[in-house]
Amino acid sequence: MVALAPVAFLTAFFSYPIVSILWRGATSDIGSLLESFGKPTFVRVVWFTIWQAAASTALTVVIALPTCHLLALHRFRGRAALRAATTVPFVLPTVVVGGAFTALFDRLGLDGGVFHIHHTIWAVLLAHVFFNVAVVIRTVGSFWEGMGVGPEEQAHSLGASPWQALRWVTLPCLGPALASAASIVFLFCLTSFGVILILGGPTMATLETEVWRHAVWRGDLPSATALAVVQFVAVVAAVAATNRLQNRLVFPGRQQAGRLPKPKRHLLVANLAGVGLLIGLPVAVLLERSLSAHGGYSFRNYSSLADRVDLLPVSSLVALSNSLLFAVLATGMAVVVGGLASVVVVHGRHWTSRLLDLGMTLPLGASAVTLGFGMLIALDEPPLDVRSSRWLVPVAHALVGVPFVIRILVPTLRSVDVRLREAAAVLGASPTSVRIEVDLPIAWRGLLVGAGFAFAVSIGEFGATSFLPRSPDRLTAPLALFRLLGTPGEALRGQAMALAVVLMGLTACAVLAIERVRGPIRGSL
Amino acid sequence: MSGLHVEDVGVSYGEMAVLENLDVVVQRSEVVALLGPSGSGKTTLLRVVAGLRCPDSGRIRWAGENLTDMPVHRRGVGLVFQDNALFPHRDVEDNVAFGLRVAGVPVESRIRHVAKMLRLVGLDGFAARSVDTLSGGEAQRIKLASELSRRGHGHTLYLMDEPTTGLHAADVHKLMKVINRLVDQDNTVVIIEHNLDVIKCADWVIDLGPEGGHEGGELIACGTPEQVAEVEASHTGRFLKQILAN
């Protein structure tokens with residue numbers, strides 16, 4: 001019975017839309033489908049989607065490795081702060097990152113002339129590195145920390161130069177962690193949507209952006225379906241590869257930080273400068289731009305958030321309050337559905353447990369664009385004629401948030417000692433009482449952390465929301481920001497920067513709350 | 001039919017039989033020590049009686065009532081685990097009061113009753129302590145207090161799985177006083193124990209076997225410690241003979 005609610009939720013709002021896409025693809029005119037697959041534009045889009053993801057991944061790994069080395073094998077004042085700073089970009093909404101880099105290019109004069117970066121592949125690659133450097137540092141860094149300097153020192157003692165030790169010993173040892181991190185980054189870049197739209201400009205096309213352009217701009221649903229099917233297959237393959245590599249990864253035991261040496265000064269300075277330039281500069285420039293108005297500095301851009309501009313159906317402030325409302329609703333739904341699903345995963349029968357665990361985490365791997373497009377085409381006729389419902393946006397956000405709740409809550413629930421449950425039962429507690437009196441007090445931290453992630457995901461969600469029809473007064477802040485960024489004009493740009501900073505602040509609050517509540521809970525993403 | 005009746009009980013884990021056609025009768029107000037080598041099914045038997053494990057065959061009766069299909073929380077059997085399972089998110093008072101809280105006893109009487117139980121196990125003033133700060137002996141007595149607190153006086157079956165593990169001799173002595181008081185109040189105690197002082201307190205002992213093997217579940221001998229000591233086929237008997245002679 002407990003499994004009923006999560007299964008119904010997943011079936012109605014995830015499986016049904018995804019199956020609808022695949023069904024439409026399978027039952028459409030195969031000839032025209034093959035024809036569209038054979039078009040040079042289509043091949044170009046597929047090729048670009050793959051190579052930009054591969055290039056972004058390679059660049060991210062290369063740029064992150066020195067910081068991994070510094071954090072894993074050295075101790076220094078500010079180590080924890082540096083680690084936290086590198087994590088921040090990962091949780092920022094894509095539209096905010098788009099805004100930050102737009103501000104940076106604008107400020108440094110890189111949006112035109114000889115050093116033109118804005119609306120080029122370099123802008124996209126830079127933003128992808130900015131986003132994903134945290135994944136490599138977290139995965140490879142933790143692995144490297146556990147591995148320690150032992151293998152490297154042994155190589156040196158056998159006469160290997162630093163380069164030889166790196167090439168023949170360190171990198172091969174780090175192989176599983178590097179492969180795992182790279183596969184995750186590749187998956188994220190493959191499904192990148194907001195960054196490509198904002199920083200790549202109107203001429204840059206990946207499968208994700210093309211699904212959106214065909215479905216939302218041109219109303220060409222058959223072409224959008226063909227693209228979505230290819231994207232879905234690519235994402236499933238990438239998820240399968242990622243899971244395989246993740247399962248192979250066994251983290252070695254952690255070395256004690258106290259035994260680590262201090263870094264050489266030039267190594268520390270170069271790393272700090274690199275992280276500062278890559279992560280600190282875009283954020284700092286975004287803040288500076290949000291305060292810049294009419295040649296001076298003021299809070300004018302922030303006060304203008306309350307004014308409605310012609311471009312938007314409502315003011316940015318109303319869009320923000322919409323986003324907050326949707327985030328609260330989505331978080332509530334994600335906590336209820338994810339909480340019930342976690343209980344079934346931990347206490348259910350083997351096959352129900354496995355099935356639900358896999359099913360409920362699928363939305364994390366599937367792209368938000370595929371999900372949004374699926375909802376667009378599937379939920380407009382009975383029995384699920386809910387496309388114009390005001391609940392659809394929070395439901396879509398909750399779907400993306402549920403896997404976060406489960407990933408955190410399941411390990412926490414599993415950590416509850418079975419003897420405690422038995423002791424409670426022997427003392428007269430019914431199975432329900434055991435859940436309330438034993439499991440819940442121990443798992444509430446996990447539930448709060450999961451809720452924090454669901455809130456942060458919802459407040460910045462852009463991909464799925466951009467597909468869903470809604471009445472104009474229900475515009476969300478990321479969509480408002482996207483429109484503001486895409487329109488020239490100093491006042492609009494200033495307002496966009498202020499809106500991006502407020503969104504960044506809200507996400508940062510959620511992340512800070514997570515870190516505060518987190519404590520020693522076992523779940524992780 | 002007033003005591004505990006274990007009738008033809010069988011339990012296996014996969015291919016391995018842990019209890020085989022076991023018949024045991026324990027009368028009311030008795031202390032019975034359950035002995036036998038590792039893997040002989042002692043803990044399994046207690047878990048079956050408590051309701052934490054369903055028997056594959058046979059039935060369990062207590063005070064004339066068939067407990068076999070009764071859910072664990074309705075059996076009213078007290079179980080003290082080998083390694084005390086205290087709730088880490090609750091302080092000592094909340095741990096002791098847990099059973100009362102579940103039964104819906106009002107707060108005031110809970111507090112009064114908990115104080116009484118803590119006095120009984122010799123841990124006055126421990127109510128506000130975190131369970132992390134307790135020693136092994138203290139934790140074991142708190143566990144016992146939480147079991148004792150829920151029930152009215154008398155007519156209760158207490159199952160104890162090596163409650164003296166890791167306890168100092170003085171703590172063992174205190175625990176034995178509590179057990180004796182339980183029996184004086186017409187309760188019944190079945191206890192798995194390797195501590196000789198506790199074994200000597202038992203009215204009679206049950207020896208599970210087979211001897212020297214890894215698989216158990218059969219009744220090898222039963223009777224007073226002196227009677228079991230005379231059973232040549234019982235390793236436990238030979239062991240008891242030695243210590244009784246000393």
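These exercises work through a predicted two-chain model, from confidence to packing.

Residues are numbered from 1 along each chain as its sequence is written, while chains are lettered from A and ligands numbered from 1 in the order in which they are written. Because the model is predicted, local features need pLDDT of at least 70 and side-chain atom pairs count only at pLDDT 80 or more, whereas totals for chains, interfaces and linings use all residues.

**Exercise 1. Confidence**

Task: State the mean pLDDT of chain A and of chain B, then find where pLDDT stays under 50 in chain A.

Solution: 
- Recall the scale. pLDDT is the predictor's confidence in each residue, from 0 to 100.
- Take chain A. Its mean pLDDT is 84, and 93% of its residues reach 70 or more.
- Take chain B. The mean is 84, with 95% of the residues at 70 or more.
- Two residues are in contact if their C-beta atoms, placed from the backbone, lie within 7 Å.
- The predictor gives an ipTM of 0.74 and a pTM of 0.73.

**Exercise 2. The contact between the chains**

Task: Count the residues on each side of the contact, and name the element of chain A that gives the most.

Solution: 
- Count. Chain A supplies 17 residues and chain B supplies 16 residues.
- Find the elements. Helix 18 (418-426) and helix 19 (431-460) of chain A each give two or more residues to the side that touches chain B. Helices (H or I, at least four residues) and strands (E, at least two) are DSSP runs, numbered from the N terminus.
- Pick the main contributor. Helix 18 of chain A gives the most, with 7 residues.
- Sort by class. The chain A side has 10 nonpolar, 3 polar and 4 charged residues. Here Ala, Val, Leu, Ile, Met, Phe, Trp, Tyr, Cys and Pro count as nonpolar, Asp, Glu, Lys and Arg as charged, and the others, Gly among them, as polar.

**Exercise 3. Helix pairs**

Task: Classify the orientation of helix 3 and helix 6 of chain A, helix 5 and helix 12 of chain A, and helix 2 and helix 4 of chain B.

Solution: 
- Set the rules. Axes are lines fitted to C-alpha atoms, for helices over the stretch in contact, and angles run from 0 to 180 degrees between N-to-C directions. Angles under 35 degrees count as roughly parallel, over 145 as roughly antiparallel, 65 to 115 as roughly perpendicular and the rest as oblique.
- Start with helix 3 (residues 40-73) and helix 6 (residues 121-147) of chain A. Their axes come within 6 Å and cross at roughly 40°. The two helices are therefore oblique to each other. The contact holds 18 nonpolar, 8 polar and 1 charged residues.
- Go on to helix 5 (residues 94-107) and helix 12 (residues 265-291) of chain A. They pack at about 80°, with axes 8 Å apart. So these helices are roughly perpendicular to each other. Phe101(A) and Leu104(A) of helix 5 are among the contact residues, as are Val285(A) and Leu286(A) of helix 12. The classes are 9 nonpolar, 1 polar and 3 charged.
- Finish with helix 2 (residues 92-102) and helix 4 (residues 136-150) of chain B. The axes come within 7 Å and cross at roughly 30°. They are therefore roughly parallel to each other. Residues that meet include Val96(B) and Phe98(B) in helix 2, and Ile142(B) and Ala145(B) in helix 4. This contact has 7 nonpolar, 4 polar and 1 charged residues.

**Exercise 4. The sheets of chain B**

Solution: 
- Define pairing. Two strands pair if DSSP finds at least two bridges between them.
- Check one pair. Strand 6 and strand 7 (residues 157-161) of chain B run parallel over 3 bridges. Gly78(B) stands opposite Tyr158(B).
- Strand 1 (residues 4-13) and strand 2 of chain B share 7 bridges. Val6(B) has Val24(B) as its bridge partner.
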